Amino acid sequence: MFSTGLMLVVMSGSDLFTGTTMSLMPTLSKRLSWGMMARHWAVSYIGNLVGALIVVAIIALAKTPLSNGGAWGMVVVNTTQGKLSLGFVQAIALGVMANLAVCLAVWMAFAGRSATDKMLGIAGPIAFFVATGFEHSVANMFMLPMGWVITHVFGAEFWGSDAVQAAGVTQADFSSVTISNIVLHNLLPVTIGNIIGGALFVGGYFWVAYRRKALAEERAAAQAAAAPAEKADGVDRTDGGSLSAR
């Protein structure tokens, strides 16, 4: 399902914060200012958060967590609690690996010429990232608030459900699911890790890898643009700087 989500992002031209961290590449090439990059990251992050919270509200109003005798909600609260039990450095490392996979999936999608090419390029790296349990900040913008809503907003209707009773747990067992823990113990370190994984390990890496080729192309383009002016003034400057009258 996460592969489907990224396919929808790429094919619709939407903006995912984790993918947009690769905009470090045009910034390093001085085609985008650092201020513009920072503003874009901020707008993308906030927009993703707002979108995730809207979906949380809709799912809560639909009472989806009560599905299958509360089993749907139990999966979410257990997942939320597990994510909040991660150490700070551990969460950063998991975030690095998650966005390394996500950005490589986006990179592969850019290489595709057809919709099928793009979707196939996305599926593999995303399946790898989800299967290994890496941490993605935007996915957690939905999962963790959803867990908080189920824990604190849903009352006896959830905690008295068949799945909860079968698990033998109570609301007190999920006392760690708080707003402060969500922000400080997961979203903050995971976001840091996602930035490192996407901006440095993919964007920065490929900028370095292709920089020599890009510089050669820029010099060739500059020489081609200067050629008409050189011919117009009757002076040949195409030999790298020396002057010779025609």
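## Ground rules

Buried means under 20% relative accessible area, exposed means over 50%, and partly exposed is in between (1.4 Å probe, protein chains only). I179 shows how that works: its relative accessible area is 48%, so I179 counts as partly exposed.

What you're looking at is a predicted model, where local features need pLDDT of at least 70 and side-chain atom pairs count only at pLDDT 80 or more, while totals for chains, interfaces and linings use all residues. Residues are numbered from 1 along each chain as its sequence is written, and side-chain values use heavy atoms, with hydrogens and water left out.

## The overall picture

The protein chain has 11 helices and two strands. These are DSSP runs numbered from the N terminus, with helices being H or I of at least four residues and strands being E of at least two. Along the sequence, the pattern goes α-α-α-α-α-α-α-α-α-α-α-β-β.

How does the radius of gyration of the protein chain sit beside that of a compact globule of 246 residues? The chain has 24 Å, but such a globule would be near 18 Å. (The radius is taken over C-alpha atoms, and the globule rule is 2.2 Å times the number of residues to the power 0.38.) The C-alpha trace spans about 95 × 35 × 30 Å along its principal axes.

Of the 246 residues, 39% count as buried. A contact means heavy atoms within 4.5 Å. Among contacts with a separation of 6 or more, 79% are between residues 24 or more positions apart.

## Aromatic pairs

There are nine aromatic pairs here. Rings of Phe, Tyr and Trp (its six-membered ring) pair if their centres lie within 6.5 Å; planes under 30 degrees apart count as stacked, over 60 as edge-to-face and the rest as tilted. Take F2 and F129: their ring centres are 5.0 Å apart and their planes stand at 90°, so this pair is edge-to-face. F2 belongs to helix α1 (residues 2–12) and F129 to helix α7 (residues 115–131), so the pair ties together parts that are 127 residues apart in sequence. F2 is partly exposed at 25% relative accessibility, whereas F129 is buried at 3%.

Next come F17 and Y45, with ring centres 4.9 Å apart and planes at 85°, so they too are edge-to-face. This pair ties together parts that are 28 residues apart in sequence, because F17 is in helix α2 (residues 17–20) and Y45 in helix α4 (residues 34–61). Both F17 and Y45 are buried. Elsewhere, ring pairs link W107, Y205, F206 and Y210 into a cluster.

## A buried threonine

T80 sits in helix α5 (residues 67–84). Is T80 buried or exposed? At 0% relative accessibility, T80 is buried. Leaving out residues up to four places away in sequence, T80 touches M143, L144, G147 and V177.

The protein chain exposes about 13000 Å², with carbon and sulfur atoms supplying 68% of it. Accessible areas come from the Shrake-Rupley method with a 1.4 Å probe; for residues, only the protein chains shown count as cover.

F88, V89, I179, V183, L184, L188 and I192 make a nonpolar surface patch of about 610 Å². The elements giving two or more residues to this patch are α6 (88–111) and α11 (179–232). Helix α11, where I179 is found, gives the most, with five residues. Patches are made of residues with over 30% relative accessible area and no salt bridge; like charges are joined within 9 Å, and nonpolar side chains (Val, Leu, Ile, Met, Phe, Trp, Tyr) within 5 Å. A salt bridge is a side-chain nitrogen of Lys or Arg within 4 Å of a carboxyl oxygen of Asp or Glu.
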